[in-house]
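Hi,

Here is the structure I said I would pass on. Have a look at it first, and my notes follow below.

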Amino acid sequence: MPGTCTTQHGLTQALGLIENFMISWKKILTYGLFLFAVQFVIGMAAGFFSPGTSSLFSSGDIAAFFAGLAIFTHLSIRKTARTLLHAFLVLSVYWVLSIAAGVMLSPLLGHVPFLLVALEWLSLFVAMVAGMMLGLFLRHRKVSA
């Protein structure tokens with residue numbers, strides 16, 4: 001059958017395209033949990049080593065930004081299809097876990113002003129955008145080299 005090879009090749013290409021546009025929930029949950037764990041450890045360490053610090057941007061905030069930048073850069077390099085959607089879903093998983101942890105730990109930690117939480121989330125959003133751009137740059141640089 002002369003058309004079988006062409007049909008089989010066409011199906012293989014179509015399945016490859018579908019695979020490229022699928023959402024990888026396992027990867028999203030893995031990155032989201034890892035991002036939460038890293039941010040949690042940095043936050044607890046910053047609170048332990050500098051308790052009562054009320055500056056707008058502490059060393060813990062800077063470390064959290066660069067950790068988020070590294071995680072989103074890694075995601076952007078490794079995930080070639082629907083990268084922005086994956087990154088936003090990872091950030092959403094982080095936000096849900098962060099809210100849950102904040103509610104559970106609020107009796108121990110006391111009241112945290114909403115403005116500080118919003119600034120930390122904005123900082124992580126900026127780290128996501130910068131990490132995506134850096135990851136795309138590094139991925140294209142790696143391909144062209």
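The crossing of H2 past H4 is right-handed (near helix turned clockwise from the far one by less than a right angle).

Before you read on: this is a predicted model, where local features need pLDDT of at least 70 and side-chain atom pairs 80 or more, while totals for chains, interfaces and linings use all residues. Numbering starts from 1 along each chain as its sequence is written, and side-chain values use heavy atoms, without hydrogens or water.

Overall, the protein has five helices and zero strands, running α-α-α-α-α from the N terminus (DSSP runs: H or I of at least four residues for helices, E of at least two for strands). Of its 145 residues, 28% are buried (under 20% relative accessible area, 1.4 Å probe, protein chains only).

There's also a nonpolar surface patch of about 520 Å², made by Phe88, Leu122, Phe125, Val126, Val129 and Met133. Patch members have over 30% relative accessible area and no salt bridge, with nonpolar side chains joined within 5 Å; a salt bridge means a Lys or Arg side-chain nitrogen within 4 Å of an Asp or Glu carboxyl oxygen. Helix H5 (residues 114–144) supplies the largest share, five residues. Leu122, in H5, has 49% relative accessibility, so it counts as partly exposed (between 20% and 50%).

Cheers

Key
Patch = residues over 30% accessible without salt bridge, like charges linked within 9 Å, V, L, I, M, F, W, Y side chains within 5 Å. Areas by Shrake-Rupley, 256 points an atom, 1.4 Å probe, with all protein chains shown as cover.
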